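Let's take a look around this protein together. Keep the sequence and the 3D view open while you read.

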Amino acid sequence: MVEEVRCRWGRLWWAGVLPAVAIALLVKGCTPPGNNGGSDANTPGDSGLTGKYAGAARCLPCHTNIHDSWMKTLHAGALETLESIGQGTNTNCIGCHVVGFGEPGGFVDRATTNSLAGVGCENCHGPALDHVTNVSDKNLRPSKPIAAEVCGKCHTGSHHPNYEQWAESKHKGVEAHVAEGFAAGEEGRLASCGACHSGDYHVEAIINGITVEDDFLAGVEPNDMNGVTCAVCHNPHQRTGNAVAPDTGRDFQLRYPQVASPVQSNDVDEATDPNRFNLCGQCHHSRGRTWDSDSRGPHNSVQSNFYVGEMPMPAGQENDPIVANQRSVHAFVIEQCSTCHMYRKDFEDEQAPAISGHSMEVDFDGCSAVACHPSPADAQSATANLQKQVEDGLADIVARLGNPSTWEYSSEGGPNDAGQAALSDEIKKIRFMYHYLLSDGSLGVHNPLYALRILNQADSLLTSIGR
Ligand code: HEC
Ligand code: HEC
Ligand code: HEC
Ligand code: HEC
Ligand code: HEC
Ligand code: HEC
Ligand code: HEC
Ligand code: HEC
């Protein structure tokens, strides 16, 4: 009885009151309560926890919030999922549905290792008994495992090829030129490029709000840096309600919502404010360049602004944009970017494996799935027609402007500083519109009417200067 009270108080009531070390001493030797609903605190379900794994219940007293929110995720109940279809002891299945199966001290069965049932803390963080018994030893603390390979151990194969498909996308790596700057610890490099180009920086600085110095990734091999990994988009610990239909019981644990239709704004601060945009718009948004800059055009990340139908303007000109704002017809598709870039399909058979959508490649099946286009082929030919029209329009602008060395940005082989200063405002506006359309990367698809407006406006300006 005394033993039971000691354990229970140690776990629950004194958490937060006592220092972590005192709690560790207090609960030392206690049998943790079962977690995944299948048992309660009185069930001695963990007699088999004799190895390096501690079990999720042991984390509860100190990491209470994370434990409680994890309990509500599908991960925590992954063994129940198998049990509910009579596969709870199928050794072909449980490896990815429990902790440490087949390893010394790993999951054996409900009766002896209940705290290792389901996808638990130690699937991602690694065995943590040493940490639990020596919390003050910094060297024994589990790492923050944001590498995609951590999730890819299980989210792999023909039933759920999230990892393989993600690995095909550019989200996998860090762009070489940017990575070199991070590795060299260049001053200001992480602060200006890291939020979008470095998963390590994004999670630490943007999500966890920790101050990061310039040398955070100094000396790290570019290949070992994390790009836009799973944990950048997904919260590993909790349901967030940010998926499209969390009411079905599934919750994709997205860090940011997918659906957001901000009011258009040509204000630079707003055009660059990730909080206005959805998940993808955290990074796929303008970096603030406007038509009056000489050295460089817009970054290739303007997709969200283009989709919303806005264009950042120099201070004072926000209400007089070069092109009238125009919301996209595609702004009404419910999952926005994901509808076209993350089409998903369940596993049928080995000839028709699941599609997880994580390659980010446009799949035209997504266009008819939302009942806007009668068929994928229809959407594909509409796309091809539009893209042809936009390509022709862009080629026309270049032809009328003439030799790039007379009008381009200096970074694109244009004139030197004196030459830039001599360019007319019309030329600068035309080249900005040209690059804005080009750097969106969809050749008009993200916002067809806006793209055509840009081409029309460029045409009028060219005509007005006799080109
Ligand atoms: C007795 C208290 C205690 C228990 C039990 C405990 N931890 Fe910790 N844990 C700590 C403390 C204290 C830290 C250091 C926190 C800090 O620096 O903010 C820590 C740090 C961590 C970190 C690193 C966090 C970071 O910011 O780098 C992870 C991951 C972690 N614990 C996971 C676990 C897991 C998994 C379990 C269960 C198997 C567990 N802990 C059990 C007290 C505990
Ligand atoms: C040990 C294997 C394993 C690891 C490691 C793992 N998962 Fe899972 N994950 C699963 C299983 C199994 C399920 C399904 C649980 C169920 O439905 O019962 C799941 C479900 C999910 C879901 C909910 C899916 C849905 O359809 O709603 C998300 C999101 C998810 N995992 C993301 C991640 C991320 C991100 C990581 C890495 C940080 C990760 N997982 C690591 C096995 C794993
Ligand atoms: C390679 C690791 C792995 C193995 C092996 C595995 N699963 Fe899973 N399972 C997962 C992951 C990851 C998910 C989450 C999928 C998602 O939500 O995208 C999952 C989800 C599930 C789900 C719930 C979602 C759904 O698709 O209906 C069921 C049921 C399931 N698995 C059954 C099984 C069965 C039965 C076996 C053995 C024949 C098995 N699993 C073997 C990794 C695995
Ligand atoms: C699906 C994989 C996964 C599971 C399961 C998981 N974690 Fe984590 N955890 C991560 C990742 C990835 C990070 C780093 C990203 C972040 O900080 O959000 C992290 C960060 C942490 C941190 C430090 C940052 C913070 O948010 O305080 C602690 C502490 C932690 N986890 C404890 C736990 C505990 C305790 C459990 C089980 C109750 C658990 N984790 C389950 C993947 C996981
Ligand atoms: C607001 C987020 C964001 C910031 C900040 C950012 N980038 Fe990017 N960058 C992107 C996105 C998104 C792409 C990919 C666009 C695509 O693939 O169409 C990209 C692409 C690139 C590319 C690939 C080549 C190209 O032009 O497409 C390079 C090189 C690059 N960025 C360099 C940088 C450097 C250097 C910095 C810091 C000075 C930086 N970026 C800051 C979002 C950003
Ligand atoms: C760029 C952001 C992003 C990255 C990176 C990412 N995901 Fe996702 N993931 C999403 C979005 C968005 C959805 C929901 C798609 C939808 O609405 O159809 C999703 C859905 C899922 C689901 C549930 C649907 C399914 O496939 O069963 C799982 C599981 C998942 N992701 C796992 C992963 C894993 C594992 C990784 C890393 C290998 C990863 N994700 C990387 C954005 C991302
Ligand atoms: C944390 C920042 C970030 C988030 C969030 C993000 N991306 Fe990206 N995305 C990038 C960067 C950076 C690149 C370019 C990487 C490079 O060129 O090295 C990129 C590249 C791409 C590409 C070009 C892919 C290719 O392989 O050619 C597409 C398409 C894309 N992202 C779509 C999306 C979608 C859709 C979402 C939301 C589900 C999303 N991104 C979320 C940063 C991000
Ligand atoms: C209506 C469907 C649709 C929607 C919605 C959509 N896209 Fe696209 N996107 C496309 C098409 C089509 C392309 C051109 C792909 C090609 O030609 O290969 C494209 C191209 C891109 C590219 C350039 C890819 C490359 O290889 O350089 C990026 C980055 C991108 N989209 C990101 C986004 C983001 C971020 C969103 C949400 C703000 C979004 N897309 C919404 C259809 C869509």
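How far apart are the end C-alpha atoms of helix H20 (residues 448–464)? They are 25 Å apart, which agrees with the 24 Å that its 17 residues should span at 1.5 Å a residue. That expected span is 1.5 Å times one less than the number of residues, and helices here are DSSP runs (H or I, at least four residues), numbered from the N terminus.

A quick word on the source: this is a predicted model, where local features need pLDDT of at least 70, side-chain atom pairs count only at pLDDT 80 or more, and totals for chains, interfaces and linings use all residues. Residues are numbered from 1 along each chain as its sequence is written, chains are lettered from A and ligands numbered from 1 in the order in which they are written, and side-chain values use heavy atoms, with hydrogens and water left out.

Back to H20: its buried residues (under 20% relative accessible area, 1.4 Å probe, protein chains only) include Tyr450, Ile454, Leu461 and Leu462. Among the elements covering the buried residues are helix H14 (303–308) and helix H17 (376–401), through contact (heavy atoms within 4.5 Å). Just after H20, glycine 466 has a positive phi of about 75°.

Now for ligand 2. Here are its polar contacts (pairs of N or O atoms within 3.5 Å):

| Residue atom | Ligand 2 atom | Distance |
|---|---|---|
| threonine 81, polar side-chain atom | oxygen | 2.4 Å |
| histidine 155, side-chain N or O | nitrogen | 2.8 Å |
| aspartate 251, backbone N or O | oxygen | 3.5 Å |

Helix H4 (78–84) and helix H7 (148–152) each give two or more residues to the shell around ligand 2.

Note on methods. A polar contact is a pair of N or O atoms within 3.5 Å; within protein, one must be able to donate a hydrogen and the other to accept it, and residues adjacent in sequence count only if both atoms are side-chain atoms. Buried means under 20% relative accessible area, exposed over 50%, partly exposed in between (1.4 Å probe, protein chains only).
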